[in-house]
Amino acid sequence: MTQHEIELGLKTLGLKAGDIVLLHSSLSSLGHVEGGADAVIDAFLAVMGASGTLVAPAFGALGVIPETLKLRPNAVSSIHPRASVVAVGGKAEELCRDHWKAETAHGEGTPYLRIAGMGGYICLLGVDQDRNTTLHSVEALLRLPYLKRTAELTFATPEGEVTRSWPFFPGPHRDFIGLDRLLRKHQAMRVGRIGDSVVRLIKSREMVDVLLEIGREDPAFVLCDNPNCADCTHQRTAIRRDRFAREAFTLAASSSLAGRYIPEMVETCQAAGIEAIELDVLQGQPAQHVDPDRLVGAVAELRKSGLEVTALRVSAISEGVEIFLETAAACRVQRVVLPLTHGAAGYVGAAKESGVSLSFYNTGLSSVNVFERMADLRKRGMKVGLTFNAAGFARSGEKPFLDSYHNKLKRFIDQLDVEDCTFDGTPAPLAGGNAEIKELVSILRCATFGGYMVLGAGNRFGGRLLDAVERFLELLETM
C-alpha cells in the first residue's frame, strides 16, 4: 500500500476536506504500507486538509498509529488519566480543551461528544466496534446502571495537581460487535476496504442519536445473551436492580421460589436483581415448623448476604403461632403474614406484645368475607394489613381486579402476592391466567403503592425466579 492508495480509499468512503475523524486503527490490517504509520497519518491529513482534524485515543495500550501521531510536533493531547486523546489539525485545541474537567470521562464536555457536535466521523480501520470508544459516550449519556465510578486519581493539569474520580465509567465485556447491524440499518455507517483492511466510517452524531434512542428503550442493548458470560449476566442484574429501585413498592421473592438452601436463595435473588425476601419455607419445611434458633440463624445469614427479610409467612394456622411471633421478634423481622381465619383477632394482641405487625392473606374466602373480617379488625382498633392474594381469589371463582379489589379491599392492602392461576386453580405464568395480575399491579402503581409485591411460590410452574422476574419486568414495561 502507498499513501496515495490510502488517500483514494478514504475519498471513496466519503472523507473530504475539513472533516474531523476519530481514528481507531490497526496498521497491520492494511498489509505492507510504504512509510508505515506516518504514511497512514499523512493520507488522512492530505484528504482532510489544513482545516480538518485527525484524532486518536491516547490511553491504554496504543497501536503504532496513535503512538506515531503523538510524536507529531503540532499534536495536542487532552488531559485525562483514563480517556485522553491526541489530535492534529485545525480543531485540535478546541476538541482537547479541559477534558479532565468534564463530569464523566466520555460524556458531555469531552472530545468524543465534541467530535459528534462538530459533525465529525469515527473511523474504524481494520478494527471492529469493540474499539469504538464513543460507544462509552452513549453509555455515559444514558447513565446505565452497570457503569461504575472510578477510583480517585491524582494527576497534573495546567491549574495544578488535581485528585478526581469519574462516574459512569465503562467496565467489562459488552457486545459492541452486535451494533454493526443497527448502524447499517440506520445508515449511520459506511463500510469499504482499503488494501486488506475493512474500514468503517461512522457519522458520530448519527450513531450517538440512534443508539441513545435504542438505549432508552432497552438499557441492555449492548449486552450479550450468552448465559455463560458472567460480565453481561452481572450487568443485566444491575439493570434489573436499578429498575426495581425506581418503584415505590418493594419487590421481594418468596424463599420457596428462590431456593431450598440459604446460599441458593442468596445466589438466585442476587442474579435476579432482587434485594428482599419473604421467608415462607426453609429446606422444604414451612417457616412456622422450623426450629426457632435455626430460623433466627437463617434470617441473620440472609441479612449478612444483603437480603432484606420483609416478613415471615405462616402457611397454615396451627398450635404455636404465638411462639412463632416471638421468634419473628427474635429475628428482628417486623412483619408476619398469616392466613385470614375466624381467630385472626386472637393473634393481634400477641403480635403487639412481641413488637411485630400482622398482614393477613385470603385463602378460600370471597372478597365479601375478607372485607367483613378486615373491617371488623379495624373497627376494634387493630392495625393489620391485607396481603392480597389474587390467585386465591381466582381459585374462589372471583375476578380479582374487577370484583375482589373493587369490593372495598384496597384500603387494607399492604402486600400483593404476584402469582397467577386459572379459575380451576391451575398455576399459570404471570398475566397468563385469571388472577388479573397486570391490572392489579397497574392500579396499585397509580396510587404510588409503597407496600410489598412478592413473587410467590406459584411462579415455580413457570420455571426459576429469574423467569418470573423477567416476566414481571415485561408487565411493568407495558404499563
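Two rings of Phe, Tyr or Trp count as a pair when their centres lie within 6.5 Å. With that in hand, I opened this predicted model and went looking for aromatic residues.

**Entry 1: aromatic rings.** I searched the whole structure and got eight aromatic pairs. I looked up W100 and F155 among them: their ring centres are 6.3 Å apart and their planes stand at 75°, which is over 60, so I noted the pair as edge-to-face. W100 sits in the loop between α4 and α5, while F155 belongs to strand β6, so this pair links parts 55 residues apart in sequence. I found both W100 and F155 buried.

Next I checked F388 and Y405. Their centres are 6.4 Å apart with planes at 70°, so they are edge-to-face too. F388 is in strand β17 and Y405 in helix α17, so the pair ties together parts 17 residues apart in sequence. Both F388 and Y405 are buried.

**Entry 2: charges over rings.** I found K203 over the face of Y121, 4.7 Å from the ring centre. R313 has its charged end over the ring of Y361, at 4.3 Å from the centre.

**Entry 3: a serine.** Is S197 buried or exposed? Its relative accessibility is 0%, so I wrote down buried. S197 is part of strand β9, residues 197–203. Its side chain makes a polar contact with the side chain of S29 at 3.1 Å. A polar atom of the S197 side chain also lies 3.0 Å from the backbone nitrogen of G126. Beyond its neighbours within four places in sequence, S197 has contacts including L30, L125 and G192.

Conventions
Residues numbered from 1 in each chain as written. Predicted model: local features only at pLDDT ≥ 70, side-chain atom pairs only at ≥ 80, totals over all residues. Heavy atoms only, no water. Helix = DSSP H or I, 4+ residues; strand = E, 2+ residues; numbered from the N terminus. Buried < 20%, exposed > 50% of the residue type's maximum accessible area, 1.4 Å probe, protein only. Polar contact = N/O pair within 3.5 Å; in protein donor to acceptor, adjacent residues only side chain to side chain. Contact = heavy atoms within 4.5 Å. Phe/Tyr/Trp six-rings, centres within 6.5 Å; stacked < 30°, edge-to-face > 60°. Lys NZ or Arg CZ within 6 Å of the ring centre and 35° of its normal.
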